[in-house]
Amino acid sequence: MAFQSNNRWRSLAVAALLGLGMGWAQAQSLKVEPAQDEVPPAASAAQPAGQTGGIRSANIFEIAPSADTDPNYASQTNAERKQVQPGNNAPMWRDVGNGVTGFTSLPYLEAGNMIQGFVQYPGSGYTTAGEAWRQVRNNWILPYGGSLLLIVLVAVALFYLRKGTIPLHGQETGRLIERFTYVERAAHWVNAIAFVVLAISGVVMAFGKFFLLPVIGPTLFGWLTYALKNAHNFAGPLFAVSLVVVILTFVRDNLPSKGDLTWLLKGGGLLSGHEVPSHRFNAGEKLLFWAGVFVFGLVVVASGLFLNHLVPVFEYTRGNMQIAHMVHAVASVLMMAMFIGHIYMGTVGMQGAYKAMKTGYVDETWAKEHHELWYDDIKAGKIPAQRTPGHEAAAAEPVKA
């Protein structure tokens, strides 16, 4: 039975092959050759080598390889160059690099110019302004700025592991001295919160692709940076206004005074264990105020407002924006490096420092140990112990451990 079935399938296959062969032969016998006058001209002529379907093929490296020996080679237009070296668009890109006006949506004097002219920023080579800015950012600001922040963080961590929180050496008396008024604390906290938002968002936008992107992936990182960029833009004006208030509020007590140089030379006595006497603000705090708040703070604010197109006097060309970005980034990194130490000393670095800014009051013992000259002026009646009217009763409240 199986033998008969196999023979049947073999017979069908042979019949099918014979049928296909006969059909092909019949088609060849019925094929009519076209008349000579009906043959297309292109088909009647023999096709030259290297030519298919009427399309000429060419190798740009084999067409006029010595075209550059022509005395007028450098002055050729793009159309002329195309005749001797197809695909060589050097004249067009040379014009673009020289600032020849074309069609772009760029504003002001550089409208229509796609590539900027040649400049040399500090730390870059002599190249187009866009490439020079990229070199400064990628080769200097990011690696060295990030390294500076890491060095400061590590130094603070090592100092804390070595010294711990600086404690009070004497017993608290329970008598309070008003160190900061409500207005001073409000100005400080508004500025501090805005600074933290700006610092975190700035660090993520500048360095996040190195330490966050590999961890959370591109999708979440994209949403995070988008949200932080908007938070950065909203916190910027708040920081600018509060910074001016902070400067006007604290400038008087941060003026240089006798004993500041001694404090700096001895490092405040942090390593020796005995603090150098100082006024309401010691020399370290004054240095932070003038360098970190006044200089770097105002530079960061001015460059940030410019980057947000909020300074109407200047033109927002690419070159001006690149310079503003470099200034903003450098000043921001230096400011953050200085304020890392300030934040450390104002929180876990010194006992009672955070409470002073939270409640406005410090114990007599704290004032005497950390700001002895300021405490002496209070005892002598030169400075009132209670600066806010109606808060005299708070001085009698005992300090909670």
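Biologist: What does the pLDDT of the protein chain average?
Modeller: This is a predicted model. The chain averages a pLDDT (the predictor's confidence in each residue, from 0 to 100) of 84, and 80% of the residues score at least 70. Over residues 1–6 the pLDDT is below 50, with zero contacts (heavy atoms within 4.5 Å) beyond near neighbours in sequence.
Biologist: And which contacts does the model have for residues 24–46?
Modeller: Two beyond four places in sequence, and pLDDT stays under 50 there.
Biologist: New topic. At what angle do α5 and α10 pack?
Modeller: About 0 degrees, with the axes 10 Å apart; α5 is residues 129–163 and α10 is 318–346. They are therefore roughly parallel (angles under 35 degrees).
Biologist: H232, buried or exposed?
Modeller: Buried (under 20% relative accessible area), because its relative accessibility is 18%. H232 sits in helix α7, residues 213–250. Beyond four places in sequence, H232 touches L198, S201, G202, M205 and H328.
Biologist: What does F195 contact, leaving aside neighbours within four places in sequence?
Modeller: F239, M335, M336, F339 and I343.

Conventions:
Residues are numbered from 1 along each chain as its sequence is written. This is a predicted model: local features need pLDDT of at least 70, side-chain atom pairs count only at pLDDT 80 or more; totals for chains, interfaces and linings use all residues. Side-chain values use heavy atoms; hydrogens and water are left out. Axes are lines fitted to C-alpha atoms, for helices over the stretch in contact, and angles run from 0 to 180 degrees between N-to-C directions. Helices (H or I, at least four residues) and strands (E, at least two) are DSSP runs, numbered from the N terminus. Angles under 35 degrees count as roughly parallel, over 145 as roughly antiparallel, 65 to 115 as roughly perpendicular and the rest as oblique. Buried means under 20% relative accessible area, exposed over 50%, partly exposed in between (1.4 Å probe, protein chains only).
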